[in-house]
Amino acid sequence: MSTPEDLSDVYVDELKDLWSANDQMLKVLKKITTKASDASLKDMLTRSHAGITAHTAVLKELIAGQDEKVSKEHCKGMEGLVTEATKHVIEEGPKKGPVLDVIIIAQYQRMTHYGIAGFGTAAAYAKALGLKDDARKLRDATKEIYGGDEYMTKLAESSVNLQAEDA
């Protein structure tokens, strides 16, 4: 990333960062999904793959719409979150079961919170730049990501955490 000169540069940098974040999250989620025991959790993780892919397509479209090279900038923030998810779920987590499912939800939510913050910020930039269509698409993505996060909270509180407590 070169030094941004204006809000438009900051906006495009944010889009490129989010693309990288999505790619990293998707890669680790594919590994994590196979480890989930709870059927609802596994289903939600699988649906998240499609959502992340769709959001990445939106990011590419928005970058192209700014007459920028359609490329991504490596996201170090998500890199750290993916490293943590890999450590806690894949390397050090239980092999299977409700305790692992609890850990999966926690790591998923950490990564989605990064997405909520990033997409929300990009939407605010788009709005400030008068890019109404961009802002709408980014707000829609933010709402979808937030919906996934809310679902995971409900799943944890109503089922997975209780199963882990009994394990």
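I'm working on a predicted model, where local features need pLDDT of at least 70, side-chain atom pairs count only at pLDDT 80 or more, and totals for chains, interfaces and linings use all residues. Numbering runs from 1 along each chain as its sequence is written, and side-chain values use heavy atoms, with hydrogens and water left out.

**Helix α5**
I looked up the bend and found a kink of about 55 degrees in α5, centred on Ala 156. Helices here are DSSP runs (H or I, at least four residues), numbered from the N terminus. I then checked the span of α5 (residues 132-166): 35 residues at 1.5 Å a residue should give 51 Å, and the end C-alpha atoms are 50 Å apart, which agrees. The expected span is 1.5 Å times one less than the number of residues.

**Helices α3 and α4**
I noted that the axes of α3 (residues 76-91) and α4 (residues 98-128) come within 10 Å and cross at roughly 180 degrees. Axes are lines fitted to C-alpha atoms, for helices over the stretch in contact, and angles run from 0 to 180 degrees between N-to-C directions. The two are therefore roughly antiparallel (over 145 degrees). Among the contact residues (heavy atoms within 4.5 Å) I listed Leu 81 and His 88 of α3, and Ile 104 and Arg 110 of α4.

**Lys 42**
I found Lys 42 in helix α2 (residues 39-65). At 30% relative accessibility, Lys 42 counts as partly exposed (between buried, under 20% relative accessible area, and exposed, over 50%, with a 1.4 Å probe and protein chains only). Leaving aside neighbours within four places in sequence, Lys 42 is in contact with Thr 33, Thr 34, Ala 36 and Lys 96.

How values were computed
Angles under 35 degrees count as roughly parallel, over 145 as roughly antiparallel, 65 to 115 as roughly perpendicular and the rest as oblique. The bend at a residue is the angle between axes fitted to the seven residues ending there and the seven starting there.
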